[in-house]
Amino acid sequence: MGRLFILLKKELIQLIKNPKMRITLFVPPIMQLLILGYAATLELKKVNLGILDFSRSAESRELIAEFSGSPIFNVHPPLENQNDLAQQINERGIQVAIVIPNSFIRDIYNKTRPDIQIIVDGRSANSAGLANAYIQNIISDYAMSKSPNDYRLQITSRAWYNPNYQARFFMAPAVLAMIALIDVMLINALSISKEREEGTFDQLRLTPVSSLELLAAKGFSSIMIGVCQLSVGLLVIRFWFLVPMRSSFLLLALLLISFLFAAMGLGLLISVLSRNLQQAILATFGVILPFSMLSGLPTPVESMPKVLQMITIVNPLRHGVSGIPQCFLEGLTFYDLRFSFIFLWSIAAVSFIMAWFYFRRQRQCG
């Protein structure tokens, strides 16, 4: 333990002795969390909406007023004709258009659903789908207000865990998991490859300490840096973004430490298998990209094919993106997160053992 402590002290000094390195380790992650916590959102805001009104009636103006009063839509000046509508969409002047027909008044007072055409710019599929759903809801509410007796069902919605639909309540903890994964993996991935690049790898081979102690010292030092980063990030999430905390902090801390150990093991494995810094950097970002796409952050895991859903089990970012926001919002228990703990520690153990095996062979063979 004495030798391990000395090695750990040496690795920490190497990481933080440079003032620029200290700034790099702590300032950019917090800035990224603050920026991405607001920028990375699934909410739909300020959609440019064009309206082509053939009815030109008091009723159609009432419907247009519904959209003008919505914070989601930015209603442009009335469109003149179909050519004007097509030109505005082609030039990205508007993302959505509504065509109100001449028969609008007749349909309203004959108690039939008005035949309103919705045209969306499908080049942004996600925004187009959300905008289409919002428009349909507004039109349905307006039609219901004109002939309420024709609707036998009245739908009342209520959101659990996030009643105000605050996207940052999910995005901020998920972004924190992604930042921690990138930093810890990159620190570990550069550890051994940096020794090779600087020509000190032969000195490591000749040191009396074991390969396990060397890897443990490098890994634990990155874990300590990651814990400091996450601690500051959690304070930002809790007191800046005001995300409610419904689970115990002890459970969240255990999940975060498990997540960091999984990232550490993968980073060390990349470092041992890389011959230089360039390979380590390229390999790290080559792994992070699929991890990000298969984490459930851009696309729900449930929407992926079954084969990809099985593959995401070995993705530590999936367990971080799902588990950390759930601890904040849902008040989960250890039993609810048992599978995440099992998979995270399995990833950490398997990757660390593989890194140790290859590193020991490299020291023996040169």
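## α7 and its neighbours

α7 passes α9 in a right-handed crossing (right-handed means the near helix is turned clockwise from the far one by less than a right angle, left-handed anticlockwise). This is a predicted model, where local features need pLDDT of at least 70 and side-chain atom pairs count only at pLDDT 80 or more, while totals for chains, interfaces and linings use all residues. Numbering starts from 1 along each chain as its sequence is written, and side-chain values use heavy atoms, with hydrogens and water left out. Helices here are DSSP runs (H or I, at least four residues), numbered from the N terminus.

**α7 against α9**

- α7 and α9 pack at about 155°, with their axes 10 Å apart (axes are lines fitted to C-alpha atoms over the stretch in contact, and angles run from 0 to 180 degrees between N-to-C directions).
- That angle makes α7 roughly antiparallel to α9 (over 145 degrees counts as roughly antiparallel, under 35 as roughly parallel).
- On the α7 side, the residues in contact (heavy atoms within 4.5 Å) include A172, L176, D183 and E195, and they meet α9 residues including L215, K218, G226 and I237.
- By class, this contact of α7 with α9 has 12 nonpolar, 7 polar and 3 charged residues (Ala, Val, Leu, Ile, Met, Phe, Trp, Tyr, Cys and Pro are nonpolar, Asp, Glu, Lys and Arg charged, and the others, Gly among them, polar).

**α7 against α10**

- α10 covers residues 249-273, and α7 packs on it at about 30°, axes 7 Å apart.
- The two helices, α7 and α10, are therefore roughly parallel, and their crossing is right-handed.
- Among the contact residues are A177, L181, M185 and R196 of α7, plus F259, M264, G267 and V272 of α10.
- Sorted by class, the α7 contact with α10 has 16 nonpolar, 5 polar and 1 charged.

**The cavity**

- Searching the whole structure turns up 1 cavity of 30 Å³ or more (on a 1 Å grid over the protein atoms alone, a set of points where a 1.4 Å probe fits but cannot get out; lining residues have an atom within 4 Å of a point).
- The largest cavity has a volume of about 50 Å³ (the space filled by probe spheres set on the points, which are joined across faces, edges and corners).
- Its lining draws at least two residues from each of α2 (19-39), α7 (168-198) and α9 (211-239).
- P29, I30, L33, L176, I179, A180, G226, Q229 and L230 line the largest cavity, giving 7 nonpolar, 2 polar and no charged residues.

How values were computed. On a 1 Å grid over the protein atoms alone, a cavity is a set of points where a 1.4 Å probe fits but cannot get out, and a pocket is an open set with protein on both sides within 12 Å along at least five of seven lines; lining residues have an atom within 4 Å of a point. Angles under 35 degrees count as roughly parallel, over 145 as roughly antiparallel, 65 to 115 as roughly perpendicular and the rest as oblique.
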